[in-house]
Amino acid sequence: MITAPIPCETIWKAKPSAYFKDCLRIEDKATAQTIPLELKWHQIKIQEAIDRQRRQRRPVRIQILKPRQTYVSTTSCANVFHAARFGRGISMIVSMDGDSSEHLFSMQQRFYNYLPESEKSQLKTLASNRKELKFAPPHDGRIISETAGKTSAGHSFTIRNLLLSEVPRWPEVFTDATIGLLNAVPFVPDTLFILEGVSNGEQGWFYEEWFK
């Protein structure tokens, strides 16, 4: 009996790490060359936690207390892109200031620019700029970049996938904006929320959430 091969798209949807390796590229810090995104051991631990929640048909909710220079933000950005690719609706990346937001969003643009042509044919863009990747019908999804200082971010629409980066370093005055963003993500399957950052002392909203 000959078994038909499983389509790549089916594998990629079920196993994000395979999609990362086959389709996404990052900039190597040592050589400045673009290379496939292959997860390292600490990234694999994060991915296992995300995949486990997906398999259980739970909304993905991850808080990451990260060390520096370990590609944790890369893993988070890759999961946002994967969720946007195989889902619908609005995805958003929010970081502490314009420079960090632009850096994270540049990963999304690199992911898209280096996609295999077969993937680009499935995920055509209507717009690509410093703040947004907007995909053409029938997908109709968007990946948006915002800064923590924009208090209206996410308040006017439903967000399916949300990454909040370097939250311990957000000023406390942004707490209301943070809570507003969280409330914009419905607690249903096939949604993603990642909260991550480097420790900034025993204080602040991130610290309190970590020890809940």
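Me: Which elements each supply at least two residues of the lining of the second largest pocket?
Reply: In this predicted model, they are α1 (8–14), α3, α4 and β8 (159–165), where helices (H or I, at least four residues) and strands (E, at least two) are DSSP runs numbered from the N terminus. A pocket is an open set of points on a 1 Å grid over the protein atoms alone where a 1.4 Å probe fits, with protein on both sides within 12 Å along at least five of seven lines, and lining residues have an atom within 4 Å of a point.

Me: And what does that lining have by class?
Reply: The second largest pocket is lined by six nonpolar, four polar and 10 charged residues.

Me: How much space lies in there?
Reply: The second largest pocket holds about 470 Å³. Lys13, Arg54, Arg57, His82 and Asp190 are the closest to its centre among the 20 residues that line it.

Me: OK, what about the largest pocket, which residues lie nearest its centre?
Reply: Lys29, Gln69, Ser73, His103 and Met107 do, out of 24 lining residues, and the volume of this pocket is about 600 Å³. The largest share of the lining, six residues, comes from α5, while β1 (25–27), α4 and α5 each supply at least two.

Me: How does its lining divide by class?
Reply: For the largest pocket there are eight nonpolar, nine polar and seven charged residues.

Me: Switching topic, how many aromatic pairs does a search of the whole structure find?
Reply: The search finds five, taking rings of Phe, Tyr and Trp (its six-membered ring) with centres within 6.5 Å, where planes under 30 degrees apart are stacked, over 60 edge-to-face and the rest tilted. One of these is the edge-to-face pair of Tyr19 and Phe86, at 5.3 Å centre to centre with 75° between the planes. Tyr19 sits in helix α2 and Phe86 in helix α4, 67 residues apart, so this pair links distant parts of the chain.

Me: Are those two buried or exposed?
Reply: Tyr19 is buried at 0% relative accessible area, and Phe86 also counts as buried at 15%, with buried meaning under 20%, exposed over 50% and partly exposed in between (1.4 Å probe, protein chains only).

Me: Which residues do ring pairs link into a cluster?
Reply: The cluster consists of Trp12, Tyr19 and Phe86.

Technical notes:
Residues are numbered from 1 along each chain as its sequence is written. This is a predicted model: local features need pLDDT of at least 70, side-chain atom pairs count only at pLDDT 80 or more; totals for chains, interfaces and linings use all residues. Side-chain values use heavy atoms; hydrogens and water are left out. Grid points are joined across faces, edges and corners, and a volume is the space filled by probe spheres set on the points. Ala, Val, Leu, Ile, Met, Phe, Trp, Tyr, Cys and Pro count as nonpolar, Asp, Glu, Lys and Arg as charged, and the others, Gly among them, as polar.
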